[in-house]
Amino acid sequence: MNHLGYVRVMCATPSLKVGNCTYNGEQICEIIKQAQNKQCDLLVFPELATTGYTCGDLFFQQTLLDASDRALKQIAKATQACDVIVLVGVPVRGQSGVLYNAAAVIYGGQVKAFVPKCNLPNYGGL
């Protein structure tokens with residue numbers, strides 16, 4: 001990256017289907033390609049972008065979490081040849097079994113970190 005004092009940031013809201021992680025991952029990967037073509041340095045997606053925000057009780061189903069993990073791997077693979085840092089919202093089960101609404105930080109084909117959401121809403125959201 002050649003910043004020359006500036007960082008090009010792009011925020012994107014992909015077309016999502018609630019609970020359809022494969023579709024959502026494909027939409028996210030397409031936007032990553034577009035961001036690379038526009039010489040974007042940092043690309044930020046919404047929270048829970050792999051699953052859709054309104055999955056409710058489905059967040060506690062292992063099937064949905066596994067599908068989200070597969071989508072995350074697909075998204076990471078899409079960044080292998082890119083010079084774009086990608087943040088995408090995913091549900092993550094912690095070591096203690098607690099479910100987190102987190103941002104996955106992806107670069108160079110790898111998930112580098114997960115950052116859990118700190119300021120939770122008071123209406124029972126994840």
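Of the 126 residues of this protein, 37% count as buried, that is, under 20% relative accessible area with a 1.4 Å probe, protein chains only. The model is a predicted one, in which local features need pLDDT of at least 70, side-chain atom pairs count only at pLDDT 80 or more, and totals for chains, interfaces and linings use all residues. Residues are numbered from 1 along each chain as its sequence is written, and side-chain values use heavy atoms, without hydrogens and water.

Next, the fold. There are 2 helices and 5 strands, taken as DSSP runs (helices H or I, at least four residues; strands E, at least two) and numbered from the N terminus. From the N terminus on, their order is β-α-β-α-β-β-β. The radius of gyration, over C-alpha atoms, is 14 Å, close to the 14 Å from the globule rule for 126 residues, so the protein is as compact as a globular protein of that length. That rule is 2.2 Å times the number of residues to the power 0.38.

Finally, which strand does S4 join? Strand S4 (residues 99-107) runs antiparallel to strand S5 (residues 110-116), with 6 bridges between them; pairing requires at least two DSSP bridges. Ala102 has Pro116 in S5 as its bridge partner. The two strands, S4 and S5, form a hairpin with 2 residues between them, and Gly108 in the turn has a positive phi of about 60 degrees.

Conventions
Buried means under 20% relative accessible area, exposed over 50%, partly exposed in between (1.4 Å probe, protein chains only).
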